[in-house]
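Keep the sequence and the 3D view at hand, try each task, and then follow the solution step by step.

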Amino acid sequence: MATTSTRAFTLLSVSLCLLVTVLPSCFAQQFEQWQGQSVWQQGRQQGRQRTEECDIWSLTVAEPSRRIQSEAGVTEYWDPSQQQFRCAGVVVLRHVVEPKGLLLPSYANAPHITYVVQGRGLFGASIPGCPQTFQTETRRERGSERFRDEHEKIRRFREGDVLALPAGVPVWLYNDGDSRAIAVTIFDTSNFQNQLDENLRLFQLAGSRQFQEPRGERREFGRFEEGRNIFSGFDQELLADALGVNVETVNKLQAQNDVRGNIVFVEKSLQMLSPEFQEEEIERERESEARRRGGRANGFEENFCSMRLRHNINAPSETDVFNPRGGRITSVNSHKLPILNFLQLSAERVVLYEHGLLAPHWNINAHSIGYVTRGRGRIQVVRDNGRLVLDQEVQEGQLFVIPQNFVVVNKASREGLEYVAFKTNDNALVSTLAGRTSTIRSLPVEVLSNSYLISRETARQLKHGRRGVAVFGPATLSTRKYQRGGAAAIGDN
């Protein structure tokens, strides 16, 4: 009853806001409601996930299955029809953008977060109701006359950034670096923001998309559709009247003869304000967040328009867990990037050194989708009945899915292992089975002894076999002696 009442109130609020044409304050009101609800109250789409989708008996390491070749880059998709992706309720794609390549504006029916694997550049998000506070002065195509263009904020991205965007918000990306920009994006199609079905629907504002089948084969692949942009379906005269332009311009908008795809080359560098990474900008963002925490938000502009959309998880200063012999973990959740509260998504970067080990663990309240950025390693996953559902080597460019509560352990090879894990909760919680903060450490010796039919001394060794937190280095000789009942002491491992 409470859920029904909340939905009814939300619909009534939206209707009234539209009637009185106060869109910005309306968005502010809805955002505050969403921000105030816990993930347990809202969660993912109730009734969307069928139990059989997550009754998984076999997981697999996956690579992209389909691609769109464009003039200035490639977009690759993982097959969303695989059971592991249906269970997680996500769709994953990867953009590879060449230097001076522009990923054309588009929006999706689901919120999404992007991890920048490599490269740098600019991106923009067109959030409805936000003021066009940025101005760029540029020359007209003919003559020396200059004009001033007003637009929303342009942001920079770089390697290691996590970019967060709500459903329905158009975004574009431009590579102004000297090397390719590679970005992996996860769309949470089971999120409450998606009111359609669980198929990803990308709405292109420009360009078109056409899949290229591997090895010339045509096969089923989710519900993705080839097509042109959203302007192409309208009557030309009606669209010209609506936009206040001539039919010739409308023909260009509809991309009737444009075969460049959805990533195009820019002949000259984009002529617009190019923001840089400045300490003063970071400080302003922190001050703005501090003001918001100090009291009630002051309208839509403070709540949403000025909100940060990116956070870098490659910076050593952001590390949450560090072991000099094992590796490190860096996470970004709604505490570090508040917009993730609205999206109910988060991410973490795991770096395992040579033969480093990530403790056996499970995600309490989220699915996890891992993308390997460097190195190699071994991954094992066990489901609720103790069955091993994944035992495979992973390497750069591959993807793996860990359903909620499935237990996983990762070990790096000699060359190490690095990956980013996308999680379907803005504050994902993890429980480990080894280390100082583990479940095993929290259990009494008597409980362990009787549970596993082991002596109290062995139970004590089980509790204290690893003294680090989550990330461990290779087992040393002294560690093995301790595990065999020897008296040798061990340090932080």
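**Exercise 1. A strand and its partners**

In which sense do strand β21 (residues 346–352) and β26 pair, and over how many bridges? Please keep in mind that this is a predicted model.

*Solution.* 

Step 1. Strands β21 and β26 run antiparallel to each other, joined over seven bridges. To place one of these contacts, look for L352, whose bridge partner in β26 is L417.

Step 2. Move on to strand β22 (residues 357–363), which pairs with β26 over three bridges, in the antiparallel sense. Here H361 stands opposite V408 of β26.

Step 3. Now take strand β23 (residues 368–382): its antiparallel pairing with β26 covers 13 bridges. L417 of β26 turns up again, with G375 standing opposite.

Step 4. Finally, consider burial, for which the cut-off is a relative accessible area under 20%. Of the 17 residues of β26 (residues 407–423), twelve are buried, so the strand is largely enclosed by the rest of the structure.

**Exercise 2. A link between sulfur atoms**

How many disulfides does the structure hold?

*Solution.* 

Step 1. There is one disulfide. C54 and C87 form this link, with their sulfur atoms 2.0 Å apart.

Step 2. The angle about the S-S bond is 105°, and the link of C54 and C87 is right-handed.

Step 3. Compare their accessibility. C54 is partly exposed, at 24% relative accessible area, whereas C87 is buried, at 1%.

**Exercise 3. Rings that meet**

How many aromatic pairs does the structure hold?

*Solution.* 

Step 1. The structure has four aromatic pairs. To describe a pair of rings, we use the distance of the centres and the angle of the planes.

Step 2. For W78 and Y371, the ring centres are 6.1 Å apart and the planes are at 90°; edge-to-face requires an angle over 60 degrees, so this pair is edge-to-face. W78 sits in the loop between β2 (73–77) and α4, and Y371 in strand β23, so the pair links parts of the chain 293 residues apart. Both W78 and Y371 are buried.

Step 3. For F192 and F342, the centres are 6.4 Å apart and the planes are at 80°, so this pair is edge-to-face too. F192 is in the loop between β12 (181–188) and β13 (202–204), and F342 is in helix α9 (residues 339–343), so parts 150 residues apart in sequence are tied together. F192 and F342 are both buried.

Step 4. For the charge, turn to W57: the charged end of R383 sits over its ring, 4.3 Å from the centre.

Technical notes: Residues numbered from 1 in each chain as written. Predicted model: local features only at pLDDT ≥ 70, side-chain atom pairs only at ≥ 80, totals over all residues. Heavy atoms only, no water. Buried < 20%, exposed > 50% of the residue type's maximum accessible area, 1.4 Å probe, protein only. Helix = DSSP H or I, 4+ residues; strand = E, 2+ residues; numbered from the N terminus. Pairing = 2+ DSSP bridges. Disulfide = S-S within 2.5 Å. Phe/Tyr/Trp six-rings, centres within 6.5 Å; stacked < 30°, edge-to-face > 60°. Lys NZ or Arg CZ within 6 Å of the ring centre and 35° of its normal.
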